[in-house]
Amino acid sequence: MEKIVHLDFKGAPLKVSYLEKLFSIIKEWGGTGLLIEWEDTFPFTADLECIGSSNNSGGDGMYSHEEVKDIMLCAKANGLEVIQLIQTIAHMEYVLKHPKFCHLKESLPSPAVLCPTKPDSLPLVCNLIDDILNAQPEAKYIHIGADEVWHTAVCHSCQHKAATHKYKVASLFLDHIQAVILYVKQRRPNITILMWDDMLRPMTVETLQAYNLRDLVQPVIWNYSSVEHFQIDRTLWEKYENLFSHVWAGSAFKGANGSSQMLSRVARYVSNQEAWQREISKKPNGIHFNGVILTGWSRYDHYATLCELLPVALPSLFSCLRIWTQPMETNEIASEVLPEEEWPGIEVARCIHSFVMLRERSYSLLHGDIVATWLNPWQIKMSYTSPVQVESVANASKTILTDLKGLYAETKKQLEQITGKRSTEEWIVAFFDTILKNIEELNRVASLRRQVGASVTPTYS
């Protein structure tokens, strides 16, 4: 059974020097392959150049054509199968946000979904696929995405087709996906095509059978829930048993526990692997699993903030892979740490763990009793404070401020070692800046108020 580790480069793409270390430990931990989701970090060519790394569209300066070759060669040297993921209908923000392609959006306010009835849509997707396949002449697999098509039948053309087609709204998705699949098969007849399954779930067996996808595509059934919340309806298995020759499981080792989470709770993700193993053990006999894809999302979508950076999540990845490689040991306590030599980017992980603790200290001060009681907005506005009480606020905020500034510099330095300029700046500004400014302001006010005597009466303006 394949054990594929997902690398989501639409957030904090990793430098090649880091990936070389990462690939080695993924292989050592039992991984058999990589699902690489490039988005705008891929060096697209010709008419697509504006959306990718050749134009530095993502802002991180990754990856060049040579770096893509190096990544492929490094994966091969470590015995890891590379599956490239290219979105073909939804999660197309990185393409459709550009003026050159924005006319192909299904919904004007959102660049997320490609309109499947516009004449230029399929040629655009084919061009994307061409570039991806050209970078991997020996590819055994390709993943065409196709999840979370949130906007369907919005434009007039799509509404007309949905109203007049035998298979209604489903035809919009299935006609497009079938055309994409047939194009890939035309280019590479022996390649195995994967896609996320969520858009297929509500469709009837009759509808799906009409499109004859059985030997053309293998769905990845994704469910990222822990054991207590994990559920896949039995009727879905019965449906897929008659529709597909092979399927894959989609679990998660990071990026599925909150869109702005910084830490990866190992026990939560291990629980998801255990839930999947239980589900697979009771599947119908006609369902054949080729493998599991352990997803590791860096953003919830192209415009979402960064979440759970990969170095922080390596203990989770180790424990999750162990569930699949050594299932007899699943009752062991999930490890939140790794030996230093098995943890590339441990310095980044330490910084982020330290920041989370420092953020809690900051919140406890900013929203705690001492400030609410002796330095609240009314007291500041009325200049009605006691210096002996404000002194403790000034001292506590100064200590936290010193720690924050030191950690700010170290975190920035360590992030720059593993990812690009844009992602480094984004993480620092998104997570550090607000807390830093709030503590600075609290320290400024407290320092001023402790220098004046106890107020006689509130100062009304």
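Student: Leaving aside neighbours within four places in sequence, what is asparagine 443 in contact with?

Tutor: Asparagine 443 contacts Ala394, Ser397, Lys398 and Leu401, where contact means heavy atoms within 4.5 Å. This is a predicted model, in which local features need pLDDT of at least 70, side-chain atom pairs count only at pLDDT 80 or more, and totals for chains, interfaces and linings use all residues. Residues are numbered from 1 along each chain as its sequence is written, and side-chain values use heavy atoms, with hydrogens and water left out.

Student: Does asparagine 443 count as buried or exposed, and what decides it?

Tutor: Buried means under 20% relative accessible area, exposed means over 50%, and partly exposed is in between (1.4 Å probe, protein chains only). Asparagine 443 has 15% relative accessibility, so it counts as buried. Asparagine 443 lies in helix 15, residues 421-449.

Student: Where is alanine 349, and what does alanine 349 count as, buried or exposed?

Tutor: Alanine 349 is in helix 11, residues 346-366. Its relative accessibility is 1%, so alanine 349 counts as buried. Not counting residues up to four places away in sequence, alanine 349 touches Pro311, Val312 and Trp343.

Student: What makes a set of residues a nonpolar core?

Tutor: The members are buried Ala, Val, Leu, Ile, Met, Phe, Trp, Tyr and Cys residues, joined through side-chain atoms within 4.5 Å. The largest such core here has 153 residues, of which Leu22, Phe173 and Trp427 touch the most other members. Domain 1 (2-340) and domain 2 (350-451) both contribute residues, so this core lies between them. Another core lies apart from it and has six residues, among them Cys115, Ala153, Cys155 and Ala162.

Student: What does tryptophan 427 touch, not counting residues up to four places away in sequence?

Tutor: Tryptophan 427 touches Met262, Leu306, Leu309, Ile352, Phe355, Thr411, Leu415 and Phe432.

Student: Where do the domain bounds come from, and what separates the two centres?

Tutor: The bounds come from an automatic or database domain assignment. The centres of domain 1 and domain 2, taken over C-alpha atoms, are 39 Å apart. The contact takes 21 residues from domain 1 and 19 residues from domain 2.

Student: What is meant by the area buried between the domains, and how much is it?

Tutor: Buried area is the accessible area (1.4 Å probe) that two parts lose on being put together, summed over both. Here that area is about 1,600 Å², with 61% from carbon and sulfur atoms. On the domain 1 side, Met262, Leu263 and Leu306 lose the most area to domain 2, together 34% of what that side buries.

Student: What is the phi of alanine 46, and what is that of serine 383?

Tutor: Alanine 46 has a positive phi of about 50° although it is not a glycine, and serine 383, also not a glycine, has a positive phi near 50°. Alanine 46 is in the loop between strand 2 and helix 2 and, at 66% relative accessibility, counts as exposed. Serine 383 lies in the loop between helix 13 (377-381) and helix 14 (387-418); with a relative accessible area of 26%, serine 383 is partly exposed.

Conventions:
Helix = DSSP H or I, 4+ residues; strand = E, 2+ residues; numbered from the N terminus.
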